[in-house]
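Student: I have a new model open and would like to learn how to read it. Could we go through it together?

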Amino acid sequence: MSFLVKTSYSHNLASTAMLMCSSFCPQIPNQFRRRPISSFPARPLFSVSFKALSSQANNASTKDELPARIGFLGIGIMGSPMAQNLLKAGCDVTVWNRTKSKCDPLISLGAEYKSSPEEVAASCDVTFAMLADPESAVDVACGKYGVVSGMSPGKGYVDVSTVDVETSKFISGHIKTTGALFLEAPVSGSKKPAEDGQLIFLAAGDRSLYETVSPLLDIMGKSRFYLGDVGNGAAMKLVVNMIMGSMMASFSEGLLLSEKVGLDPNVLVEVVSQGAISAPMYSMKGPSMVQSRYPTAFPLKHQQKDLRLALGLAESVSQPIPIAAAANELYKVAKSHGLSDQDFSAVIETLKGKLQKQQ
Amino acid sequence: MEIGFLGLGIMGKAISVNLLRHGFKVTVWNRTLSKCGELVELGASVEETPAAVVKKCQYTIAMLSDPSAALSVVFDKGGVLEQISSGKGYIDMSTVDADTASKISEAILAKGGQFLEAPVSGSKKPAEDGQLVILAAGNEALYKEVIPAFNVIGKKSFYLGQVGNGAKMKLVVNMIMGSMMNAFSEGLVLADRSGLEPQVLLDVLDLGGIANPMFKLKGPTMIGRSYPPAFPLKHQQKDMRLALALGDENAVSMPIAAAANEAFKKARSMGLGDLDFSAVHETLEALKPPH
């Protein structure tokens, strides 16, 4: 069942096309009326598409349909707000999480729950996964009662977890043997951007699946990139987070040094915000770091995982990255001191003489 | 307002041009006198020694390249100390270590003069555009008196208290900057070596929480392996070294800064000292085996 939705957003629509939306996503909020930034070649925000009037067409790999039923595996810090945004936009969402109770808020918003990744994948057209690390991503995709067991031609799997290149290719290979399509699409952005639908997707893999899910990515994010072959998304994400991890470590050194030499670290934060190295991360995290508070937006253990994977990537291409290596050491020390679940800004604690007790 | 200006390098020249354009009367001095020519054409006067400048002007600003030059213009023959006196103010905008700033301050005060250290954050373009960030410390009354000049020179001024605090704040900021430049360089090279488009990395960075003007400005030229000097690498390495010394004095652990300093030293040994500090990128680029 479908109906024509005429939108006042006319930018980039081909002259004879109208955007059609399945009744499962009846409203796409106004926030999408913005220019996307995407990699070559530039794509319009909405895929221009016609829904086949014949109901035979259920092949989600064509651009002709938006996925009707959407699966979401992994309802953590990121998965929960992302799935919520899909639900709030009117999408039909089925969820799974290793700890079922985390799904309760979503179920109360109308999500369905299934008790294994396999069942979710089998009952949905496109399934997203947002998992903590390569091990979980492989387990959910390829393990017992995993996604692979529920996949079939016409379906798609979009892994938005942050993993290494090899893991992504491994999962991709297994998914594709079922005849289904695969897209990796790790995100840049943490908890708040996830809540606000302001993530940046770094996608790679099956181009037609990317086109199909772009409207869904636009619900959850502010921009998206298509980067080519599977592995490119993973690599891009690792490079970005490598830079971020090093920057946070350096910023920590600066805050600590300023305080030790008799300056007010809050003034340092202000001075930094005025100059060439002013970054949103510094302004946002600086004040709480000065107060030794690290409310978790991006868990430190994940930052360390990303640095470790970035070092692995660098090694695979024989590229020395001494600053990242030094930063990684600090995050490892932080983990050994029980700071894994704090925000990654807690790395500053490792530079202090006496570590504060964390709750 | 009549202002003396000592030191017409990349920064000094841009700042004094800016002051002249805003109607200040400026008297300049530079170790290499020929560099004064352009300023004279814009209406500046020239004197042959720092002392002669100080004799003429109530306020004298200095912008020298390093602690040794900053000490030299004050203490040497024909230096500032020969003419500094009560009622005159000396404002040193050079980036030096806290000890050098204190030494200069003591000497100025001993002669009855007033002293303000005022190192800046920002390089050539912000200097030309009057968009520097000024980190002043020392005589607060003097600070207030020269605010009209600071408002032309910069977009924001901070008064940080006792002499030495300006120097320290500057070093901390530049330490973070030097480490960030290295992290950025590592990212660009890793992206390239992994088969990604470095320009796309720039686009992605520009959208997120770690977007900053330095990446945006330097990224494209670094990708093109071009490093026109806005902030010479040798000065950046000097600042990292001074910041590490500060950390050393206060037992502050700084492994990232230490690693970054090594990269800048390597770049200097490769002869890149006079290029922009982004040339540290070459230390990684040069290691790439041919494709």
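Student: What share of residues 69-228 of chain A is helix, and what share is strand?

Tutor: Helices (H or I, at least four residues) and strands (E, at least two) are DSSP runs, numbered from the N terminus. Over residues 69-228 of chain A you get 41% helix and 24% strand, with the end C-alpha atoms 26 Å apart. UniProt, in an unreviewed entry, puts "domain: 6-phosphogluconate dehydrogenase NADP-binding" on that stretch of chain A. UniProt positions follow the numbering used here, feature names are shortened, and annotations may be inferred rather than shown by experiment.

Student: Before we go on, what are the ground rules?

Tutor: This is a predicted model: local features need pLDDT of at least 70, side-chain atom pairs count only at pLDDT 80 or more, and totals for chains, interfaces and linings use all residues. Residues are numbered from 1 along each chain as its sequence is written, chains are lettered from A and ligands numbered from 1 in the order written, and side-chain values use heavy atoms, leaving out hydrogens and water.

Student: Which feature does UniProt place at residues 164-281 of chain B?

Tutor: An unreviewed entry lists "domain: 3-hydroxyisobutyrate dehydrogenase-like NAD-binding" there. Those residues of chain B are 69% helix and 0% strand, and the end C-alpha atoms lie 32 Å apart.

Student: How many helices and strands does chain B have?

Tutor: Chain B has 14 helices and nine strands.

Student: What part of chain B is buried?

Tutor: Buried means under 20% relative accessible area, exposed over 50%, partly exposed in between (1.4 Å probe, protein chains only). In chain B, 61% of the 291 residues are buried.
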